[in-house]
Amino acid sequence: MHMMDKLFILSLIGLLTLTAYGAAAKMVYTDLDILKKLENFDIPEDDDADDHYDTKLSDLASFTSRGSGKNLVNVDTFGAAGDGVSDDTQAFVSAWKQACGTPKSVLLVPQGRTYLVNATKFNGPCERKLIIQIDGTIVAPDEPSNWDPKFQRIWLEFSKLKGVVFQGNGVIDGSGSKWWAASCKKNKSNPCKSAPTAFTIESSSGVKVRGLTIQNSQQMNFIIARSTSVRVYKVMVSSPGDSPNTDGIHITGSTNVVLQDCKIGTGDDCVSIVNASSNIKMKRIYCGPGHGISIGSLGNHNSTGIVTKVVLDTAFLKETTNGLRIKTYQGGSGYVKGVRFSNVVMQDVSNPILIDQFYCDNPTSCQNQTSAVKISQIMYRNITGTTKSEKAIKFACSDSVPCSHIVLNNVNLEGKDGQVEAYCNSAEGFGYGVIHPSADCLYSHDDKGLDQSDKSRHILVTEEAETGHDEL
């Protein structure tokens with residue numbers, strides 16, 4: 001915690017000792033307790049990440065030597081043509097079977113070659129210390145009409161793995177352009193249907209992914225599903241800004257996930273975190289183009305959504321359609337709790353800080369409903385930059401399930417014309433440090449946007465609790 005922040009909190013406690021009592025004092029002390037939790041909350045990461053990837057294949061001869069202890073499994077040995085035209089699926093399946101079944105194997109996809117592979121599930125469990133070294137390019141068939149109907153949602157899926165490393169300078173290319181053209185988001189006359197994810201880690205633990213490029217996915221680029229202890233380093237995700245539903249890295253049902261030093265540009269969320277996910281840390285993330293870094297969507301079709309303990313530390317967002325977003329449908333249940341966004345720089349970002357509990361992305365309009373996913377204990381710290389939106393801060397929360405304990409610390413967002421505002425509906429919280437635009441609505445509960453001039457304001461913790469909320 002910075003020294004000025006400590007002084008602020010100490011002086012506030014002193015003031016309360018003299019003047020506050022009853023419900024007001026209890027509320028502020030609760031706020032301070034939550035603030036302390038958010039300030040100190042962190043998720044362990046591997047600062048020496050490179051040390052986990054000491055297996056290098058620059059000298060392939062070392063893998064054939066008697067003393068190497070490694071078992072090199074080259075897809076070319078199993079008949080892969082590597083010309084980008086011939087179907088190499090069976091060669092990959094055969095190579096996987098051998099590598100997975102042999103301890104200390106290195107499955108090699110050689111550089112300088114392009115391998116056409118159809119939708120495939122690579123299942124574990126495997127023997128210990130398996131490394132998947134991808135230095136070449138793996139491409140998907142580009143024609144949706146020829147896709148195997150058994151694999152409508154996947155292209156390359158790896159499941160039931162433990163302690164497996166994916167690494168290399170290679171490319172996983174989904175050849176998605178025809179899929180995008182067939183999307184109902186591209187043309188409303190098209191039917192709305194699912195499309196494959198390029199690269200999926202499913203029901204696995206202790207997996208590391210480093211250095212790969214994932215691009216042009218048919219739909220989502222990279223999914224981490226129902227897995228624990230997954231570390232992703234220096235991965236690049238690239239799809240056009242107008243490619244529909246091509247989330248960069250999508251995390252669902254997973255815990256203890258670290259995304260570090262990743263560059264993501266896509267047509268949907270750079271990172272999306274959805275139900276049953278917790279202990280997620282993102283560090284040094286570049287996002288753009290895309291729809292920002294999102295928790296959600298949650299609660300669609302009256303479902304339960306729970307996301308807890310999420311940290312974003314150091315990010316740069318450029319010309320994204322949203323910045324730091326939490327999005328939930330009306331009618332859902334569950335909660336989002338314990339989130340800290342810190343040290344984020346934005347350049348010409350729309351909706352830089354956004355909580356939207358009225359989100360709707362269904363083909364038909366969403367009905368008004370009173371139940372909602374509860375959102376609380378969310379911190380925005382050291383958020384700076386420029387925005388295209390008049391509402392730089394927008395908390396559109398449910399009247400029946402308000403957002404609570406929203407914390408702003410050193411937020412400075414400038415509009416292109418110098419005029420920005422904050423908007424709140426049914427949102428309660430506090431701020432400290434410089435907050436621009438001023439977010440009085442967050443603690444005054446007047447539930448309306450406030451036009452702000454160029455001046456910044458210091459916001460103190462509210463000492464009164466009010467319960468009135470107007471309709472959005």
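Mentor: We begin with how elements are named: helices and strands are DSSP runs, numbered from the N terminus. Keep in mind that this is a predicted model.

Trainee: How many helices and strands are there in the protein chain?

Mentor: The chain has six helices and 32 strands. It has 472 residues, and 56% of them count as buried. Among contacts with a separation of 6 or more, 74% are between residues 24 or more positions apart. The chain exposes about 19600 Å², with 49% of that supplied by carbon and sulfur atoms.

Trainee: Next, pockets. What volume does the largest pocket have, and how is such a space found?

Mentor: Rolling a probe the size of a water molecule over the atoms shows where empty space is left. Here the largest pocket has a volume of about 1200 Å³. Its lining takes in 45 residues, and Lys185, Lys193, Ser194, Gln219 and Asn245 lie nearest the centre. Helix H5 (177-181), strand S21 (293-298) and strand S23 (324-328) are the elements that give two or more residues to this lining.

Trainee: Which element gives the most to the lining of the largest pocket?

Mentor: That is S21, with three residues. By class, the lining holds 17 nonpolar, 17 polar and eleven charged residues.

Trainee: Now the backbone. What should I look for there?

Mentor: Most residues other than glycine have a negative phi, and most peptide bonds are trans. In this model, the bond from glycine 288 to proline 289 is cis, with omega near -5 degrees. Proline 289 sits in the loop between strand S20 (277-287) and S21. Histidine 436 and proline 437 are also joined by a cis peptide bond, with omega about 5 degrees. The loop that holds proline 437 runs between strand S30 (427-436) and helix H6 (441-444).

Trainee: And where is lysine 160 found?

Mentor: Lysine 160 is in the loop between strand S8 (154-159) and strand S9 (165-167). Its phi is positive, about 60 degrees, although the residue is not a glycine. With a relative accessible area of 51%, lysine 160 counts as exposed, because the cut-off for that class is over 50%. Asparagine 256 has a positive phi too, of about 55 degrees, but it lies in strand S18 (residues 255-265). At a relative accessible area of 29%, asparagine 256 is partly exposed.

Trainee: Last, disulfides. How many does the structure hold?

Mentor: A disulfide is a covalent bond between the sulfur atoms of two cysteines. This structure holds six. With bonded cysteines counted along the chain, the pattern is 1-2, 3-4, 5-6, 7-8, 9-10, 11-12.

Trainee: What does the link of cysteine 270 and cysteine 287 tie together?

Mentor: The two are joined with an S to S distance of 2.1 Å. Cysteine 270 lies in the loop between S18 and strand S19 (271-273) and cysteine 287 in strand S20, so the pair ties together parts that are 17 residues apart in sequence. Both cysteine 270 and cysteine 287 are buried.

Trainee: Are cysteine 424 and cysteine 441 buried or exposed?

Mentor: Cysteine 424 is buried, at a relative accessible area of 0%, and cysteine 441 is buried with 0% as well. Their disulfide has an S to S distance of 2.2 Å, and it is right-handed, with 55 degrees about the S-S bond. In contrast, cysteine 360 is partly exposed at 33% relative accessibility, and cysteine 366 is partly exposed at 28%. A disulfide joins cysteine 360 to cysteine 366.

Conventions: Residues numbered from 1 in each chain as written. Predicted model: local features only at pLDDT ≥ 70, side-chain atom pairs only at ≥ 80, totals over all residues. Heavy atoms only, no water. 1 Å grid on protein atoms, 1.4 Å probe; cavity = no way out; pocket = protein on both sides within 12 Å on 5 of 7 lines; lining within 4 Å. Points joined across faces, edges and corners; volume = space filled by probe spheres on them. Helix = DSSP H or I, 4+ residues; strand = E, 2+ residues; numbered from the N terminus. Nonpolar A, V, L, I, M, F, W, Y, C, P; charged D, E, K, R; others polar. Buried < 20%, exposed > 50% of the residue type's maximum accessible area, 1.4 Å probe, protein only. Contact = heavy atoms within 4.5 Å. Areas by Shrake-Rupley, 256 points an atom, 1.4 Å probe, with all protein chains shown as cover. Disulfide = S-S within 2.5 Å.
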